Amino acid sequence: MKIAIAQIAPVLLDRAEPDQRVLDAMTQAQGAQLIVFGAGLLPCYPFWVERTDGARFDSARQKDCYARYVKAAVDFEAGGLQRIQTHTEALGMATYIGIMERPLDRGGHSLYASLVYIDAKGVVQSVHRKLMPTYEERLVWSPGDGAGLVAHDLHEFRVGGLNCWENWMPLARAALYAQGVNLHVAVWPGNLANTEWITRFIARESRS
């Protein structure tokens, strides 16, 4: 099976241009059966928090940044991923993509770092919300749950994925291993050491 890994940069707090970058990368990868994008790609990882005194109480600057972040986040149930789903179907290519999810059924004010699996027919089959945001991420993301720890059949493989630092979490990995995952997708916003170390021990541990 041919797999494409799209290492593209987001555009901070913008949706239109990142969406187009995703579509362009998918077109470039035509012929692959699976394409994987990084964590938090749409709209972006909250890099500003650690660089702008993100924990300052009642800060107008932080309120403004968060309001912009919420506005740019993805509500896929309201069609927020429709262009990508349509392109996925047109290319017959399954997709894993990291988003900041803004689910309206939870009030529309909480954001989740979610890893979305779209099958080759363009249907969202699972949305895994990062179980526990890491360090300063907790200032802008809500804790997820285990409902999205789901494996999928893809050609000769059984595929599952985890967001960023939760690839370190033994029970999250075990939940996927128990479903027979033999193709593990570990997405990051960018971390060379984790990519070098964790992908290797997961491959050995899970025989994937």
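This is a predicted model: local features need pLDDT of at least 70, side-chain atom pairs count only at pLDDT 80 or more; totals for chains, interfaces and linings use all residues.
**Entry 1: aromatic pairs**

I began with the rings. I searched the whole structure and got 6 aromatic pairs. I looked up Tyr45 with Trp141, which make an edge-to-face pair, at 5.6 Å centre to centre and 90° between the planes. Buried or exposed, I asked of Tyr45 and Trp141? Both are buried.

I then checked Tyr96 against Tyr117 and got a tilted pair, with centres 4.9 Å apart and 50° between the planes. Tyr96 belongs to strand 3 (residues 94-101) and Tyr117 to strand 4 (residues 112-118), so this pair ties together parts that are 21 residues apart in sequence. Tyr96 and Tyr117 are buried as well.

Back at Tyr45, I asked which residues form one aromatic cluster with it.

One more ring contact went into the notes. I found the charged end of Arg129 over the ring of Tyr112, 4.7 Å from the ring centre.

**Entry 2: salt bridges**

Next came the charged side chains. My count for the structure is 8 salt bridges, and I wrote up a few.

I started inside a helix, with Arg68 and Asp64. Their closest N and O atoms are 3.0 Å apart. Why are the two about one helical turn apart? Because they sit 4 residues apart in helix 3 (residues 60-72). I noted Arg68 as partly exposed, because its relative accessibility is 49%. Asp64 is also partly exposed, at 37% relative accessibility.

Then I took Arg158 with Asp153, whose side chains meet in a salt bridge at 3.1 Å, N to O. Arg158 has a relative accessible area of 24%, so I put it down as partly exposed. Asp153 reaches 60% relative accessibility and therefore counts as exposed.

The bridge between Arg173 and Glu205 has its closest N and O atoms 2.7 Å apart. It links distant parts of the chain: Arg173 is in helix 5 (residues 170-177) and Glu205 in helix 6 (residues 192-206), 32 residues apart. With a relative accessible area of 5%, Arg173 is buried, whereas Glu205 is partly exposed at 41% relative accessibility.

**Entry 3: cysteines**

How many disulfides did I get? The count came to 0. I looked at the sulfur distances to see why. For Cys65, the closest cysteine sulfur is in Cys44, 9.8 Å away, which is too far for a bond. The cut-off is 2.5 Å between the sulfur atoms. For Cys164 the closest cysteine sulfur is again in Cys44, at 14 Å, so this is too far for a bond too. I also checked their accessibility: Cys65 counts as buried at 17%, and Cys164 counts as buried at 11%.

**Entry 4: backbone angles**

The peptide bond from Leu42 to Pro43 is cis, with omega near 0°. I located Pro43 in the loop between strand 2 and helix 2.

I noted positive phi values in residues other than glycine. Asp53 has phi near 60°, and its place is the loop between helix 2 and helix 3. Because its relative accessible area is 42%, I listed Asp53 as partly exposed. Arg207 has phi near 55° and lies in the segment after helix 6. Arg207 counts as exposed, at 67% relative accessibility.

**Entry 5: a surface patch**

My last stop was by the start of the chain. Which residues make the nonpolar surface patch of about 270 Å²? I got Met1, Ile3 and Ile5. Ile5 is part of strand 1 (residues 3-6) and counts as exposed, because its relative accessibility is 65%.

How values were computed
Residues are numbered from 1 along each chain as its sequence is written. Side-chain values use heavy atoms; hydrogens and water are left out. Patches are made of residues with over 30% relative accessible area and no salt bridge: like charges are joined within 9 Å, nonpolar side chains (Val, Leu, Ile, Met, Phe, Trp, Tyr) within 5 Å. Accessible areas come from the Shrake-Rupley method with a 1.4 Å probe; for residues, only the protein chains shown count as cover. A salt bridge is a side-chain nitrogen of Lys or Arg within 4 Å of a carboxyl oxygen of Asp or Glu. Buried means under 20% relative accessible area, exposed over 50%, partly exposed in between (1.4 Å probe, protein chains only). Rings of Phe, Tyr and Trp (its six-membered ring) pair if their centres lie within 6.5 Å; planes under 30 degrees apart count as stacked, over 60 as edge-to-face and the rest as tilted. A charge sits over a ring if NZ of Lys or CZ of Arg is within 6 Å of the ring centre and within 35 degrees of the ring normal.
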